[in-house]
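User: I would like to learn how to read surface patches and aromatic pairs. Could you take me through them one at a time?

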Amino acid sequence: MDSGYLWVKSFHILFVASWFAGLFYLPRIFVNLAMETDENAKARLVLMSQKLYRFMTILAIPALLLGFALVGVYQIGVGGQSGWLHAKILVVLLIVGYHHGCGRMLRKFEKGLNTKTHTFYRWFNEVPVVLMTIAIILVVVKPF
């Protein structure tokens with residue numbers, strides 16, 4: 001096995017895990033924002049959310065680029081039984097959409113226009129867990 005492949009794979013996993021830390025935590029901040037009534041506390045939570053979202057976005061870029069390198073350069077999942085890869089790419093697109101959705105929700109909080117309850121955000125917070133689980137199963141088990 002090419003050592004370059006192992007380096008790319010290792011850093012891909014590292015950046016994905018780091019990106020997901022933000023995807024897990026940001027909606028948790030949204031839960032608190034949706035419950036908060038004190039304006040100073042809201043401003044602090046919005047600032048935390050802004051910084052986290054910026055950092056998450058920075059982490060997402062190398063995670064995605066390294067993932068594409070695994071497919072494009074190292075031909076992972078190309079040819080043969082590659083249905084799992086197509087499904088994984090779909091899951092990645094859903095994760096990117098979730099990330100974007102978090103940004104849209106953050107902008108609503110920034111403008112004071114949030115209309116969703118803390119209960120909604122508690123459920124919304126579970127989405128990345130489900131998506132990550134599906135992605136891991138697809139990559140490790142390669143069911144099709």
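User: Which residues gather in a patch of positive charge on the surface?

Analyst: This is a predicted model, where local features need pLDDT of at least 70 and side-chain atom pairs pLDDT 80 or more, while totals for chains, interfaces and linings use all residues. Residues are numbered from 1 along each chain, and side-chain values use heavy atoms, without hydrogens and water. A patch is built from residues with over 30% relative accessible area and no salt bridge, like charges being joined within 9 Å. A salt bridge is a side-chain nitrogen of Lys or Arg within 4 Å of a carboxyl oxygen of Asp or Glu. Here the positive patch consists of R104, R107, K108, K111 and K116.

User: Where is K111 placed, and is K111 buried or exposed?

Analyst: Buried means under 20% relative accessible area, exposed over 50%, and partly exposed in between (1.4 Å probe, protein chains only). K111 sits in the loop between helix 3 (83-110) and helix 4 (118-124); helices are DSSP runs (H or I) of at least four residues. K111 is exposed because its relative accessibility is 62%.

User: How many aromatic pairs does the structure hold?

Analyst: Rings of Phe, Tyr and Trp (its six-membered ring) pair if their centres lie within 6.5 Å; planes under 30 degrees apart count as stacked, over 60 as edge-to-face, the rest as tilted. There are ten pairs in this structure. One of them, W7 with F11, is stacked, at 6.1 Å between centres and 20° between planes. Both residues lie in helix 1 (residues 3-35), four residues apart.

Technical notes
Patch = residues over 30% accessible without salt bridge, like charges linked within 9 Å, V, L, I, M, F, W, Y side chains within 5 Å. Areas by Shrake-Rupley, 256 points an atom, 1.4 Å probe, with all protein chains shown as cover. Lys, Arg positive; Asp, Glu negative; His and termini not counted. Charge placed at Lys NZ, Arg CZ, Asp CG, Glu CD. Helix = DSSP H or I, 4+ residues; strand = E, 2+ residues; numbered from the N terminus.
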